[in-house]
Amino acid sequence: MANRIIMKTPLVEMDGDEMTRVLWQVVKDRLILPFVDLKTEYYDLGIKHRDNTKDQVTYDSAQATIKYGVAVKCATITTTPDRMKEYDLKHLLPSPNGIIRGVLDGTVFRKPIFAKNIKPSVPAWVKPIHIGRHAYGDIYKNSELQVSEPGLAELVFTSKDGKVTKKTIMDMPGAGVICGIHNLDASIKSFARACFLYSLSEHVDCWFGAKDTISKIYHGRFRDIFNEVFNEEFKEAFEKAGLVYFYTLIDDIVARVMKSNGGMLWACMNYDGDVMSDMISSAFASLAMMSSVLVSPNGLFEYEAAHGTVQRHYYKHLKGEVTSTNPMALIFAWSGALRKRGELDNIQSLCNFADKLEAASLGTVESGLMTGDLVRLADPVPTVKCLNSNEFIDAVAQRLSDTLAV
Ligand code: NAP
Ligand code: MG
């Protein structure tokens, strides 16, 4: 194909599972390959290959991201006992996102994809609510035990020089469960820095909430580090930009977010960010209407769809039924990664292409052509038409060709 945009450095491509794996290929074939001489280093993170390599492929893909700097990831199944049976797996493997985030560290930034004709379910939200999710530690890197008899559960820390510090968790009167989690000052610091930098670059206030009244040491450490980093490095820049940072209890943040007009970065600890971003994207439109990027403290970027593998639609697809699965988050993962590659390699045409791909996708939705998840939420003007996934991607491709031809 003539005149395709030439890339310099490959993107790390992490393929995934089920419906998103099916759409991944269609998005590439219809929306990228006709226009870009795509260079990727491909890693198959499909569940069978992860199982066969005992997750080596997942670690390799994370290392490749350290090497090249930019990755794009499809949604992947996190193994559960049910999935082991379903796919005849040998290992109960940890979450691939957990592994990759554990290697790269950093913060995941999520932002609703705002279409003019889709009204959020909270009418006051007229501006996007951005989520900054800490991507390291807590329950995503925990150690858990189930015990079947009474006994003493303790926290034990042994320092490098052999000094032992112990604390009782619970003198357990019977069977139960125990969980040990951790975080690192360095990671919390880079989380705070990433959030403040993001606030400044997107020109939005930064709100951070945790549960320091209950978890006085663990959550309190997050609060203190955020305050230190803010006061030492960002206070002046925020004042100059007319922006605000504050910390308050997560409960209070939730109440304030509901009453707000949006337009802030909500910095969340790992678990809070996981669930709150699903709530925010669903309330703005659909799980598929949210972009997501992991930014590591060393300047590495991994773009992904925040939703899962859309299992229910995949089962229909396997039965030969046509599904109306929304590919927007997958498209925005590719456009985000291509734009970042363009910026790093100084290829303006690649950045322009990413902008046009996003505009064509959004323009298609705003013209009234959309997938089923959006139809019931959309303003009826212009006339709304429900398309299946392939029809929607074709409509985007048509619009993209038209804009690129001008
Ligand atoms: P899911 O794939 O996000 O889907 C949940 C429901 O949300 C779907 O059944 C569908 O609703 C709707 N939905 C999500 N994405 C959509 C899209 N693009 N277009 C239209 N509707 C969409 O979550 P799940 O079914 O709970 O999880 C499936 C698998 O994904 C699990 O194995 C889980 O481990 C994995 N997962 C992966 C990631 C990741 O890799 N980033 C994240 C979360 C979950 P309707 O059925 O009502 O249409
Ligand atoms: Mg989630």
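Mentor: Before we start, a polar contact here is a pair of N or O atoms within 3.5 Å. This is a predicted model, where local features need pLDDT of at least 70, side-chain atom pairs count only at pLDDT 80 or more, and totals for chains, interfaces and linings use all residues. Residues are numbered from 1 along each chain as written, ligands are numbered from 1 in the order written, and side-chain values use heavy atoms, without hydrogens and water.

Trainee: Okay, which residue has a polar side-chain atom 3.5 Å from an oxygen atom of ligand 1?

Mentor: Let's go through the contacts to oxygen atoms of ligand 1. A polar backbone atom of threonine 78 sits 3.0 Å from one, and a side-chain N or O atom of asparagine 97 is 3.1 Å from one. At 3.5 Å, the residue you want is lysine 73.

Trainee: Switching to helix α3, what distance separates its end C-alpha atoms?

Mentor: Helices are DSSP runs (H or I, at least four residues), and the expected span is 1.5 Å times one less than the number of residues. For the 13 residues of α3, 56-68, that predicts 18 Å, so the model agrees: the ends are 18 Å apart.

Trainee: Which residue follows α3?

Mentor: Look for a positive phi, near 100 degrees. That belongs to glycine 69.

Key
Helix = DSSP H or I, 4+ residues; strand = E, 2+ residues; numbered from the N terminus. Polar contact = N/O pair within 3.5 Å; in protein donor to acceptor, adjacent residues only side chain to side chain.
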